[in-house]
Amino acid sequence: MNSVVSQLPLDPVIRKMRESDLRHIILIEREIFLFPWSLENFADSIRAGYLCSVMEASNTLLGYSILLLGPDEAHVLTLGIGAQWQKKGLGEKMLRYLIQQSGENNAKSVLLDVRESNHGAARLYKQLGFKQIATRKGYYPAMCGREDALVMRLML
């Protein structure tokens, strides 16, 4: 897959993640997160049967997500959009897909954690109806210690 394109490819589609996608996913992961998941974290998620998805267009991987489906709730474990594709509505498209999949799998709510400093993501989640229900103190590693996570929930 080509990972560098100057403008947004047309008609991004979301499909099931394959192990062959992992080398592209890990490049995005390392590009956008200071403390990225390992390739093995993604491989384990596929093997565990989590809802692992990628967004692609024109043979270009744009982003990915992993959703853990439980009996009554779903938990967004990770969602990433390549740096050059951010702020183009793709994160919202992926999140809406996860919400839809959660409902189709009988979840009553969708949970996610977001870094307290990630104001853009938190704003998107609020726009889609997520509400903060808790704070996990020191949840995320940070450059100077630990950072709190905001726990957010969307009731379906």
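## Sheet, helices and an annotated tyrosine

In this predicted model, strand β3 (residues 60–69) and strand β4 (residues 73–81) run antiparallel and are joined by seven bridges. Within this pairing, L68 has H75 in β4 as its bridge partner. Two helices pack on the sheet here: helix α1 (residues 22–32) touches β2 (51–57), β3 and β4, with a direction that makes about 85° with that of β3, and helix α2 (residues 39–48) likewise touches β2, β3 and β4, its direction making about 55° with that of β3.

The sheet to which these strands belong is open and consists of seven strands in the order β1-β2-β3-β4-β5-β7-β6, with mixed pairing. Its edge strands are β1 (13–16) and β6, each of which pairs on one side only. Neighbouring strands of the sheet are turned against each other by 30° on average, when direction is ignored.

At the β6 end of this order, strand β6 (residues 131–142) runs antiparallel to strand β7 (residues 145–155), and a hairpin through two residues connects β6 to β7. Here P141 stands opposite R146 in β7. The two antiparallel pairs described so far are set out below.

| Strand pair | Bridges | Residues facing each other |
|---|---|---|
| β3 (residues 60–69) and β4 (residues 73–81) | seven bridges | L68 and H75 |
| β6 (residues 131–142) and β7 (residues 145–155) | eight bridges | P141 and R146 |

Helix α3 (residues 90–104) comprises 15 residues and reaches 21 Å from its first C-alpha to its last, which is close to the 21 Å expected at 1.5 Å a residue. Its buried residues are L90, G91, M94, L95, Y97, L98, I99, Q101 and S102. As background to such a pattern, an α-helix has 3.6 residues a turn, so residues three or four places apart point the same way. After α3 comes N106, which has a positive phi, near 70°.

Y125 is found in helix α4 (residues 119–127). Is this tyrosine, Y125, buried or exposed? With a relative accessible area of 13%, Y125 counts as buried, because that value lies under the 20% cut-off. Leaving aside neighbours within four places in sequence, Y125 is in contact with L95, L112, V114, F130 and M152.

Notes: Residues are numbered from 1 along each chain as its sequence is written. This is a predicted model: local features need pLDDT of at least 70, side-chain atom pairs count only at pLDDT 80 or more; totals for chains, interfaces and linings use all residues. Side-chain values use heavy atoms; hydrogens and water are left out. Helices (H or I, at least four residues) and strands (E, at least two) are DSSP runs, numbered from the N terminus. The expected span of a helix is 1.5 Å times one less than its number of residues. Buried means under 20% relative accessible area, exposed over 50%, partly exposed in between (1.4 Å probe, protein chains only). Two strands pair if DSSP finds at least two bridges between them. Axes are lines fitted to C-alpha atoms, for helices over the stretch in contact, and angles run from 0 to 180 degrees between N-to-C directions. Contact means heavy atoms within 4.5 Å.
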